Structures are given as C-alpha cells and as structure tokens.
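Subject: Structure handover

Hi,

Here is the structure I promised to pass on to you. Have a look at it first, and then read on for my notes on what turned up.

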Amino acid sequence: MKVSSVSSFSFSRKYNKETKNNNSSKNSQSQSAKIFAGVAGGCAIGVASYFIFRPGKAFYDARKQKFLPFPKINLDNVLSKIKTNISEIKSEVYKENKSGVLVELSDSADEIKYSNKESLFFNLVGDLYRRIVSHYNPESKKLVRSIYSGDTKSLLSLDPKNTTKQTMTFKTVDTLWEGRAVSRREIKIVNPNNSGKIIYNYYSSDGKLIQKDISTYSNMETLASANSVIYRYGYDHDGILVGYSKQIYQQNGELQNNDIEVTIKDGIKYNVKNYFDLTDSDEAFNPDNF
C-alpha cells in the first residue's frame, strides 16, 4: 500500500468548552458533518495547555459493571509529533464522548465548505487509534477520504506496513436521469482487501433523493462478482417521503429479472414488474410529480 509523503506540523493548544446545545446547533449547520458520516462536531476555540473532560461525565466499563470517571487526557504529546499534509491549520474542533476524544483539523475556518481535513480519534487513555485524512479537489469536485487504523506510532506517520487503509471517494456531477436534469453523487469505497462498493445517489433539482444504485464487488480493480441493488424513492405532493422500492439488478455478475418490491410507510407492500409499472401504479414514484 502506497502512502503519500507527509510533512511534520506542531500544534498549539486551543480549546474552549460550550454547552451541548451549541454543539448540536453547529452540527446541524455543518455540511461537512453530513459528508463525513457524522464525524464532525461543533466546539468553540480557546486557549489551554491540555484537554480535560468535563467533570461528572462517565463511561461504562463492561468488565467491572459500573461507572467510572473519565480520565484526564493530555493530547499535546501526540499532536506535536503528527505528520500532516495540511499546510495551515485554520480550524481545530474537539468533541468528547464516552469513547474518547475526536480532534478535527482543517485548512478552512468555514464549516460549510469542503476542505482538506484530518479527523483524529483518541481513546480514553489518549492513544490514537483511527485517523481519517480528507482531501478535496475544487476543480474536479472530488473528495477523497482515507480511513487508517493502527496504533499511535504507526498512525502518526501513516506507516504503510503497520496500518490498514480504507478509501472513500466522493464526486458530484450534473447529469440526466430519465431525461431530467439531476445531480448525481458517486461514492466509491475500497477496503484493505481490495473489495468494495460503488454507490450512485441521484437527486432532483430541489434536493430530493430519487434513486440509489449500490453495487458491491469482490475486486475493485476488475469489478468482479458484482451484486447490484436499485432503490427508488417516492414522495407525496408536499415533498414528504412516503415509500421506497427495491430491485435486485445483478447477482454474482448475472443480470436478474426480479420484480420490484415496493414498501409504503403505512405498511402496504406490493410488487411490480418494471419501473414504468411503478410510476403508473403509484404517483409518488413518478418524477413528474416531484
């Protein structure tokens, strides 16, 4: 596994605690939180020499079957040694939970914009156990997210011999769907063993998810042994999601001729033979009504 070269960077401590409500408010406004599957959190930034959990919080120790107080975690020693490609840190975000601490570093102070970002996950004793490196290319509109797992020493330098890597690539383009102008977001996931999946999400002009295509592969280089499922989504005239359909399109590389299974929110289920039958039998799935 090849890892790109990184440069060394030392961090100054910045931290200021806010209320839980403020954290929730910033999370709801953060577009990056949606793209990175919930790893982003909102915190204000102040000055401190080390990070300390708020008193009174506890985590559950399953081995001892009782609650124990959070330990104090000093992150300076690790953060001062980390090597990163981010040339200038403009934002540092800290988020604590019962598993440990998440530190996010970004070259953008604007949370709603895509940026180059590092997400560092520490456990309760201050060990770094996961590192997510995100790089955004504004020209191609492609976001590449590399997820590394390993011990603290290996993760500091992203040692390819002692870390495992999963890659997620996000790309959004304008295209046509059933003759209509839509936005298509492609998500490509490659696992350490080279298996993976490709997901295509199609969005209408007003942002509704209208179709999701998911294809899984045993080998992402040859795209072998494909299994594909197509989901379509139906909305009422108020724009509320009322149901979805599922069709198994491919199994082990063989095309299927399965019925489309339809599930409506009130519990009604039925099958149709093809997409045109679906749009004719239930207006919620007809794009003319979106």
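The protein exposes about 16400 Å², and carbon and sulfur atoms supply 48% of that area. Please keep in mind that this is a predicted model. Of its 290 residues, 41% count as buried. The protein has five helices and 18 strands. Among the contacts with a separation of 6 or more, 40% are between residues 24 or more positions apart.

Side chains of opposite charge can pair when their charged atoms come close. How many salt bridges does the structure hold? There are three.

One of them is formed by arginine 131 and glutamate 118, with 2.8 Å between the closest N and O atoms. This pair links distant parts of the chain: arginine 131 belongs to strand S8 (residues 128–137) and glutamate 118 to strand S7 (residues 117–122), 13 residues apart. Both arginine 131 and glutamate 118 are buried.

Another salt bridge joins lysine 208 to aspartate 206, and here the closest N and O atoms are 2.4 Å apart. Is lysine 208 buried or exposed? Lysine 208 counts as buried because its relative accessibility is 15%, under the 20% cut-off.

Aspartate 259, at 28%, counts as partly exposed.

There is also a charged residue without such a partner. Glutamate 104, in strand S6 (residues 100–106), is buried yet has no salt bridge. Which side chain of opposite charge is nearest to glutamate 104, and how far away is it? That is lysine 117, 4.0 Å away. Glutamate 104 does have a polar contact, though: its side chain and that of serine 119 are joined at 3.3 Å.

Next, a closer look at strand S17 and its neighbours. S17 has a covered face made up of Ile260, Val262 and Ile264, and an uncovered one with Glu261 and Thr263. Strand S15 (residues 241–251) pairs with S17 in the antiparallel sense, over four bridges. Within that pairing, isoleucine 264 in S17 is the bridge partner of glycine 243. S17 also pairs with S18, again in the antiparallel sense and over four bridges. There, glutamate 261 stands opposite asparagine 271 in S18.

S17 and S18 form a hairpin with four residues between them. Glycine 267 lies in the loop that separates these two strands, and its phi is positive, at about 100°. Because its relative accessibility is 51%, glycine 267 counts as exposed. Glycine 267 and glycine 243 are 24 residues apart in sequence, and their C-alpha atoms are 9.3 Å apart in space.

If you plan to go through the backbone angles, here are two further residues to look up. Lysine 141 has a positive phi near 55°, in a residue other than glycine. Lysine 141 is placed in the loop between S8 and strand S9 (142–149). Asparagine 252 likewise has a positive phi, near 50°, and is not a glycine either. Asparagine 252 lies in the loop between S15 and S16, and with a relative accessible area of 59% it is exposed.

That is what I have for now. Over to you, and do write back with any questions.

Best wishes

Methods. Residues are numbered from 1 along each chain as its sequence is written. This is a predicted model: local features need pLDDT of at least 70, side-chain atom pairs count only at pLDDT 80 or more; totals for chains, interfaces and linings use all residues. Side-chain values use heavy atoms; hydrogens and water are left out. Buried means under 20% relative accessible area, exposed over 50%, partly exposed in between (1.4 Å probe, protein chains only). Lys and Arg count as positive and Asp and Glu as negative; His and the chain ends are not counted. A polar contact is a pair of N or O atoms within 3.5 Å; within protein, one must be able to donate a hydrogen and the other to accept it, and residues adjacent in sequence count only if both atoms are side-chain atoms. Two strands pair if DSSP finds at least two bridges between them. Contact means heavy atoms within 4.5 Å. Accessible areas come from the Shrake-Rupley method with a 1.4 Å probe; for residues, only the protein chains shown count as cover.
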